[in-house]
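Open the model in your viewer and keep the selection tool ready. This tour goes from one stop to the next.

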Amino acid sequence: MPTDPLPDLASDFMPFATAALDFHRTINLPDAPIAASRAELDSLHAHLVALYGLLDAHTTSTSPVAGVEGDHLRACRIRLWQAADHLHAAFHTAPHPDTGHPPGREACRARLPEGAPELTICQRHLTASARVRRNHTPADLRDPFTGLTRH
């Protein structure tokens with residue numbers, strides 16, 4: 001079934017965003033093994049949440065007209081959320097910049113917010129997780145395979 005062509009898009013910023021990430025990696029990450037900073041993990045989390053939103057929009061508009069492609073986009077969206085969830089967890093286990101020590105076991109078990117500016121990642125994560133819960137079941141989000149077996 002032929003579909004109508006897409007309307008002319010505004011200037012495509014995706015190549016610039018990709019180039020900026022590649023440039024950041026080249027300039028800012030040393031070749032030596034070093035742990036990612038909390039600021040870097042926070043920025044990566046922000047990128048993944050934004051990418052999740054972009055894929056969410058594409059999935060919503062694609063699924064009604066191209067079911068198989070929509071299913072693949074949906075699986076990608078789930079994987080992105082899983083990655084964002086792991087980045088959120090990595091942020092909270094990373095060493096604090098002022099002490100250089102990771103949070104203690106008691107703080108990790110209590111899962112207490114750490115206050116500003118660390119709370120920003122939690123606010124972003126909670127806001128995005130509300131949308132994620134509307135789009136996916138808990139089984140979808142915990143499944144190690146996204147179920148692309150029907151195609």
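Start with the rings: the structure holds 1 aromatic pair. Select Tyr52 and Trp81, which form that pair edge-to-face, 6.2 Å centre to centre with 65° between the planes. Rings of Phe, Tyr and Trp (its six-membered ring) pair if their centres lie within 6.5 Å; planes under 30 degrees apart count as stacked, over 60 as edge-to-face and the rest as tilted. Tyr52 lies in helix H2 and Trp81 in helix H3 (residues 67-93), so the pair ties together parts that are 29 residues apart in sequence. Helices (H or I, at least four residues) are DSSP runs, numbered from the N terminus.

A word on the model. It is predicted: local features need pLDDT of at least 70, side-chain atom pairs count only at pLDDT 80 or more, and totals for chains, interfaces and linings use all residues. Residues are numbered from 1 along each chain as its sequence is written, and side-chain values use heavy atoms, leaving out hydrogens and water.

Now show the surface. Are Tyr52 and Trp81 buried or exposed? Tyr52 is buried, at 1% relative accessible area. Trp81 is buried too, at 6%. Buried means under 20% relative accessible area, exposed over 50%, partly exposed in between (1.4 Å probe, protein chains only).

Next, select Asp56, in helix H2 (residues 38-62). Asp56 is buried, at 11% relative accessibility. Which residues does Asp56 touch, not counting those up to four places away in sequence? Arg77, Arg131 and Asn135. Contact means heavy atoms within 4.5 Å.

Notes:
Helix = DSSP H or I, 4+ residues; strand = E, 2+ residues; numbered from the N terminus.
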